[in-house]
Amino acid sequence: MDGPGAARAWETGQAMTSLPMIPVDPDAAAARRASLPPRHLADLDLAGRQALLAEIGEPAFRARQISTHYFGRLVRDPALMTDLPAAARERLTGTLLPRLLNPVRELACDDGATRKALWRLHDGSLVESVLMGYQDRVTVCISSQAGCGMACPFCATGQAGLTRNLSTAEIVDQAVYLAGVAASGVVAGSPARLSHVVFMGMGEPLANYSRVVAAIRRLTAPAPEGLGLSQRHITVSTVGLVPAIRRLASEDLSVTLALSLHAPDDELRDELVPVNQRWKVAEVLDAAWDYAARTGRRVSIEYAMIRDVNDQPWRADLLGRLLAGRLAHVNLIPLNPTPGSRWDASPKPVEREFVRRLRAAGVSTTVRDTRGREIDGACGQLAAAEGEKDGATA
């Protein structure tokens, strides 16, 4: 990431039932849909929070106090909210701050600069988020869905299938929690304030469109309405849901669009990114260029380098021709193989030649920093391992 399970073509209403989506247990999916997550202050604007407290007979100003704790001070523990009356503290926080994320595992590597969290949600669904500390910034990568219905064969999340969309608050709460981790000072050598959020975790963000856009607005609204991040420091990834890209361009947001392209030709992209069977490369890029023109934001072209699959010199040349002169930047991603997968990362000499050819075509290109390999860093790996463990102990 409203979701890929529904597989809606946003503006046409045409169902994408021909795509090879990964099946899920329909009974389990129906049960999860019936069990919605608790309503949380991050699901609501400030006026909505005030109205909710009014329903239980509490004064409206308490909503601002609790929101200031959550978004402004990154405090979740009711015992620390001493400006709330002790007798009503649990009821107030229970109404606006129910627990959404239950930590299952938290792992660190890169001398603590990369920290991955696996969460169990209220219905047992598993999602992941990652904090990455750099010298000049702290970035968190968050999930928008539990699982994913896009079925990209080299992706652990795509192979797990879609469980459900996350609520707005379940999305936001990942960022707020990890902002608190950064603020604690445990990420040595990095700022103590979260500055960037990327929607590149589990799920297809634009398949959970309304909740992702609401989450962006909450993350970028000033405290106590929201977390106060810059829209220009938010990146939304998509495999190429064309109507949703066009819809996002009309939202008056300054977020970066990251297009997971992975192949410049339809024949290969049909296999690597099955949604390409619905919207071909030319149509996807056309929507991306319209987004760039309307927002003034450079599009990030995400391209996983897969050995002997999409890393041939001629594909680099074709990609260069498609992108030359466009407001775009290529982010090459050394594949982090999943256990037992037939897919592997391209050798470094092949990767360097790919970069050379793109730059020779005048296309800005970088190679993504490989973080988190020791902690199942590829999206979905940690959840898949935990799911296997759950299955073994059931």
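I started with Ser 260 and found this residue in strand β9, residues 256-260; strands (E, at least two residues) and helices (H or I, at least four) are DSSP runs, numbered from the N terminus. I'm working on a predicted model, where local features need pLDDT of at least 70, side-chain atom pairs count only at pLDDT 80 or more, and totals for chains, interfaces and linings use all residues. Residues are numbered from 1 along each chain as its sequence is written, and side-chain values use heavy atoms, with hydrogens and water left out.

**Ser 260, continued.** Is Ser 260 buried or exposed? I noted Ser 260 as buried because its relative accessible area is 11% (buried is under 20%, exposed over 50%, partly exposed in between; 1.4 Å probe, protein chains only). Leaving out residues up to four places away in sequence, I listed its contacts (heavy atoms within 4.5 Å): Ser 237, Thr 238, Val 239, Arg 269, Val 273 and Glu 302.

I checked the unreviewed UniProt entry, and its "binding site" covers Gly 203, Glu 204, Ser 237, Ser 260, Leu 261, His 262 and Asn 336. UniProt positions are in the numbering used here, feature names are shortened, and annotations may be inferred rather than shown by experiment. I looked up Asn 336 too: this residue sits in the loop between β11 (328-334) and α12 (348-360). Asn 336 is buried, at 17% relative accessibility.

The unreviewed UniProt entry puts "active site" at Glu 128 and Cys 379. I traced Glu 128 to strand β3, residues 126-133. Glu 128 counts as buried because its relative accessibility is 4%. What does the side chain of Glu 128 make a polar contact with? I found the side chain of Lys 116, at 2.9 Å (a polar contact is a pair of N or O atoms within 3.5 Å; within protein, one must be able to donate a hydrogen and the other to accept it, and residues adjacent in sequence count only if both atoms are side-chain atoms).
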